[in-house]
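Work through the exercises below with the sequence and the model at hand. Try each task before reading its solution.

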Amino acid sequence: MGKALEGVKILDMTHVQSGPTCTQLLAWFGADVIKVERPGVGDATRGQLRDIPDVDSLYFTMLNHNKRSVTLNTKADKGKEIFVKLIKECDVMVENFAPGALDRMGFSWERIQEINPRMIYASIKGFGPGEFEDCKVYENVAQCAGGSASTTGMRDGVPIVTGAQIGDSGTGLHLALGIVTALFHREKSGRGQRVECAMQDGVLNLCRVKLRDQQRLQHGPLKEYSQHGEGIPFGDATPRAGNDSGGGQPGRILKCKGWETDPDAYTYFITQAAVWKNVCDVIGKPEWKEHADYAKPEARLTRLNEIFGVIEDWTMTKTKFEVMEICNPLNIPVGPILSMKEIAADRSLRKTGTVVEVDHPERGPYLSVGNPIKLSDSPADVERSPLLGEHTDEILRDVLGMNEDEIVAAKAEGAV
Ligand code: CAO
């Protein structure tokens, strides 16, 4: 059986992280992703954070699997001519240039529709229409403008950005959903459409529970926040809540055996109400099961610091994996804090293809993250990223039907 998106051609004008994340997902699902790059230059990330001289960086290789690379100067006359042919041939065009860059090249949405009315034109920008629409935006700016930074970190500390790239990769993921939705709609309408996702909006979508809390504040304190139990009044905006659980079941990150020397010897521990009695037994506090101050979730909310202190006295006697082994059979939700080193060696993640070893002609084998979304009839084999312009001839010949003389002429003009 063919892959889910087999036959779909993507004109990939993306660069850096947000756009490439999107087109990589579509490539894993079987789309033919043709990455257009400036001749001799390419995606800037090829040369960023390099670990091996003159070899495509891991930043690039890990975001551009399963794609083909064509070099094309879309500002040169001959390059524009070839670009028009590519627009005619492709189903989807994806870009995350600075605002207005494609218009300046001469390819507005109106022009693209004229060339190919079935084209789905998908863009990522930092902000949607409004005051900041012309700004260039990177990951951390989006995390700050989307509400994530102000709600992440310790209550009395500075705002913190997260390691998860929710602005870039998160928005790429949103855009991929927009594209497949537009492809589905095109089946009925016969027409393409414009798909836009702003990074600020993508981050806010992932922070929706914090906007929930902003509104709850008008009706009283956020009782599940540790701050409430500590008797510290709330201000007028959703505060940072450290490692408090974002839901109705209190949780914290607690030290485990070895924490003095290992920065990742911690566990997340959730005092799920339904298994409270199991928690009491495990930590050696059976008397808390029926005690009026501890038996009911509401009573515990003002005592969370004391309760988690006692639980931590217990977790510090065990490794994070022993905590998992003891708590899991009792349905107590816990999670070890895994380092990237531990994740790289994790056998289950290797088995499912979520962590894969990929071979690259210039750098040799390296680890990458495969498709986290598993389709039973469309498995995603991770293929290495293309070298700059590796598929230029093949695409001009096989996709656009150009003959050898035309390809040589385009090269002589510096268009490809
Ligand atoms: N041929 C000819 N010109 C090309 C080309 C090609 N194949 N590919 C790109 N270019 C040109 C663009 O047309 C643009 O030219 P102009 O400035 O003259 O219009 C130029 O290259 C650079 O594009 P850019 O402004 O997008 O790149 P930048 O490095 O200055 O900015 C970024 C990068 C990411 C800040 C900006 O693209 C942006 O804000 N994108 C939208 C938000 C986004 O995706 N951010 C996440 C990035 S990942 O952290």
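The model is predicted: local features need pLDDT of at least 70, side-chain atom pairs count only at pLDDT 80 or more, and totals for chains, interfaces and linings use all residues. Residues are numbered from 1 along each chain as its sequence is written, and side-chain values use heavy atoms, with hydrogens and water left out.

**Exercise 1.** Find the salt bridge between Asp56 and Arg46, and state whether both residues are buried or exposed.

Solution. A salt bridge is a side-chain nitrogen of Lys or Arg within 4 Å of a carboxyl oxygen of Asp or Glu. For Asp56 and Arg46 the N to O distance is 2.7 Å. Both residues lie in the loop between strand 2 and helix 2, so the bridge ties together parts 10 residues apart in sequence. Helices (H or I, at least four residues) and strands (E, at least two) are DSSP runs, numbered from the N terminus. Both Asp56 and Arg46 are buried; buried means under 20% relative accessible area, exposed over 50%, and partly exposed in between (1.4 Å probe, protein chains only).

**Exercise 2.** Locate the partners of the salt bridge between Asp91 and Arg186.

Solution. The closest N and O atoms of Asp91 and Arg186 are 2.9 Å apart. Asp91 sits in the loop between helix 3 (77-89) and strand 4 (92-95) and Arg186 in helix 7 (residues 168-189), so the contact joins parts 95 residues apart in sequence. Both Asp91 and Arg186 are buried.

**Exercise 3.** Describe the salt bridge of Lys277 with Glu290 and classify each partner.

Solution. The closest N and O atoms of this pair are 3.7 Å apart. Lys277 belongs to helix 11 (residues 276-282), and Glu290 to the loop between helix 11 and helix 12 (297-300), 13 residues apart. Lys277 counts as partly exposed because its relative accessibility is 44%. Glu290 has 63% and therefore counts as exposed.

**Exercise 4.** How many aromatic pairs does a search of the whole structure find, and what is the geometry of Phe127 with Phe132?

Solution. The search finds six. Rings of Phe, Tyr and Trp (its six-membered ring) pair if their centres lie within 6.5 Å; planes under 30 degrees apart count as stacked, over 60 as edge-to-face and the rest as tilted. Phe127 and Phe132 are 5.2 Å apart, centre to centre, with 45° between the planes, so the pair is tilted. Phe127, at 13% relative accessibility, is buried, whereas Phe132, at 42%, is partly exposed.
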